[in-house]
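Me: I have a structure open here and would like to talk it through with you. Can we take it piece by piece?

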Amino acid sequence: MSEWAIISQLTINSILFGSMYGIAAIGLSLIFGTMRIIFLAQGTVIIFFAYICYWLLTLLGIDPYLSILLVVPLAAAIGVGFYYGIFKEAAVLEDRNISLLIAVGLMYLMENLMMVVWKPDPRAVVTAYTSWVFRPFGTTIQFTRLMALVLAIAAAIVVFIFLKRTLMGTAVRAATEDPVSTKLMGINPNLVNAIAFAIGVGLAGTAGVGVATVYSFDPVFGFMFTLKALISLALGGIGNVWGALMGGIVLGFIESFSSYYIGGGWVDAISFGIFLLVISFMPQGLFGARGSMKKHKVKR
Amino acid sequence: MANPSLEVKGINVSYGDIQALWDVSLNVEEGAIVALVGANGAGKTTLLKAISGLVRVQKGEILLSGKSINNLSPQQIVDRGVIHVPEGRRLFSTLTVMENLKLGAYIPRARAQYAQSLERVFGLFPVLKNRKEQKAGSLSGGEQQMLAIGRALMAQPKILMMDEPSLGLSPILVRTIFQLIATLNEQKTTILLVEQNVYQALKIAQQAYVLKTGKIVMCGQCEILLADEEIRKAYIGERGSKRS
């Protein structure tokens, strides 16, 4: 393979791999925006929906891409359920650590429930198109990975339009910037938080289908995914849909290129090294902030 | 005496172990401008927050046209027409002027009258119309204050509570803001005004309350307070320009 072909292939891989991190990161970003916590269960929730996708296929014979129509609304409803069920009381507390601990608890609960229900050995969703590949210009593109990218972009567009074009979406952006002022507009903070959870977990549902069709997965695979989403979020800057998606793709580049040129064993060390550098020295991310990290001092 | 629009009766408010308001009472009659003055940390902002439901009232009662609004949620209080323009404006700086105004009219009662409200706000502040697609954070200080007031007007306030609307503005803009407050009042908006600019506030208001370390220490007609030696010394200064 020529150098040019290798670089093209690595670039394609970066974008295809990174887009999944990207949608996970958009979910983290929205929940962080209104709740001010890193929703550490995000990756585990993604794996949960990967299992749901697996079940829908193996038990009911529903095609994974068709199952999105079921998985995403289900995921959004579960997100709302998470908020009203376990986060609502802690959301009003000034100490954000309580909410963070709830997320940690939820993560381990789901992980262990999945161990019981689906056993710890890896599963994979296998369909007729799992092995389909395109070979444009000497590169190789797996159909399922391309579909995952399409899903990621479609999900990002839907979320972006919701945030930009609807009154509720505007309210979510406002709450991300100033929750107190949002209350003075007569906006119910619980509704805003619940919407952030609905979108965040809805995106986890989308990512779950993407992951199920691409990777083989097991219950503990989720936490690794949360960490990658967290790196993507740091790279992209919190509070920006496209930034989060781009952050995921940048992480995809870091992984693919460092794996090829430096060595597979180095990939995670390099990713986390860059994560630390970015979050320490450029907390607004690589693509600039939109003010959501700005803290308002509350004066009496 | 007319039926008071907003009546605060002996309220206590604490932040944890620290009590911020002690047995505070205040009356805002319908159609009036009432000024609330006092030094920094006296509890003026806390009182507004108690009325708008941002902090809990431990003791006492807050009545709106005779009905208790004690410890209702901020949404319910906004819905009843008590609108709070917070200190420092608290605009959504990453949102456009239009988006800020839209959120001002978020509650269904106000949403139904969105078009009229918008026309009124653009009539009062033509500059906002010219800048409607601009980010609120890119406006000048004066424009931001206009937007903060405009956003509050979008909610169709019956009682408008303004916290330091002249803070950080140039003398010319301060005059503009006070003129605006008078105009809004003529248009039948009842106003509770918190100001450090005591002289101007007492000039425009009919009635004033003085808060000191969480207690009302003085209240009365503004003309009388303006003539009061103690008030002049403590809050206005010799030339009437000193900020407390």
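Me: How many residues does each chain put into the contact?
Reply: In this predicted model, chain B brings 27 residues to the contact, and chain A brings 19 residues.

Me: Which helices of chain B supply at least two residues each to that side?
Reply: On the side of chain B that touches chain A, at least two residues each come from helix H1 (44-52), helix H2 (74-79) and helix H3 (97-104) of chain B.

Me: And how do the residues on that side divide into nonpolar, polar and charged?
Reply: The side of chain B that touches chain A has 12 nonpolar residues, 10 polar ones and five charged ones.

Me: Staying with H3(B), how many of its residues are buried?
Reply: Seven of the eight residues of H3(B) are buried, so that the helix counts as mostly covered, given that a residue is called buried when 20 or more other C-beta atoms lie within 10 Å of its own. The buried residues are B:Val97, B:Glu99, B:Asn100, B:Leu101, B:Lys102, B:Leu103 and B:Gly104.

Me: What covers them?
Reply: The cover over the buried residues of H3(B) includes helix H6 (167-177) from chain A, along with helix H5 (114-124), helix H6 (126-130) and helix H7 (141-153) from chain B.

Me: Zooming out, what does chain B look like as a whole?
Reply: Chain B has 11 helices and 10 strands. Its radius of gyration is 17 Å, close to the 18 Å that the globule rule gives for 244 residues, so chain B is as compact as a globular protein of that length. Along the principal axes, the C-alpha atoms of chain B fill a box of roughly 45 × 40 × 40 Å, and 48% of the 244 residues count as buried.

Me: Which strands make the hairpin in chain B?
Reply: The hairpin is formed by E4(B) and E5(B), with two residues between them, and B:Ser65 in the turn has a positive phi of about 45°. The two strands, E4 at residues 59-64 and E5 at residues 67-68, run antiparallel and are joined by two bridges, while B:Leu64 stands opposite B:Lys67.

Me: Why does A:Phe287 count as partly exposed?
Reply: A:Phe287 has 17 other C-beta atoms within 10 Å, and a residue is buried at 20 or more, exposed at 12 or fewer, and partly exposed in between.

Key: Residues are numbered from 1 along each chain as its sequence is written. Chains are lettered from A and ligands numbered from 1 in the order in which they are written. This is a predicted model: local features need pLDDT of at least 70, side-chain atom pairs count only at pLDDT 80 or more; totals for chains, interfaces and linings use all residues. Two strands pair if DSSP finds at least two bridges between them. Helices (H or I, at least four residues) and strands (E, at least two) are DSSP runs, numbered from the N terminus. Two residues are in contact if their C-beta atoms, placed from the backbone, lie within 7 Å. Ala, Val, Leu, Ile, Met, Phe, Trp, Tyr, Cys and Pro count as nonpolar, Asp, Glu, Lys and Arg as charged, and the others, Gly among them, as polar. The radius of gyration is taken over C-alpha atoms; the globule rule is 2.2 Å times the number of residues to the power 0.38.
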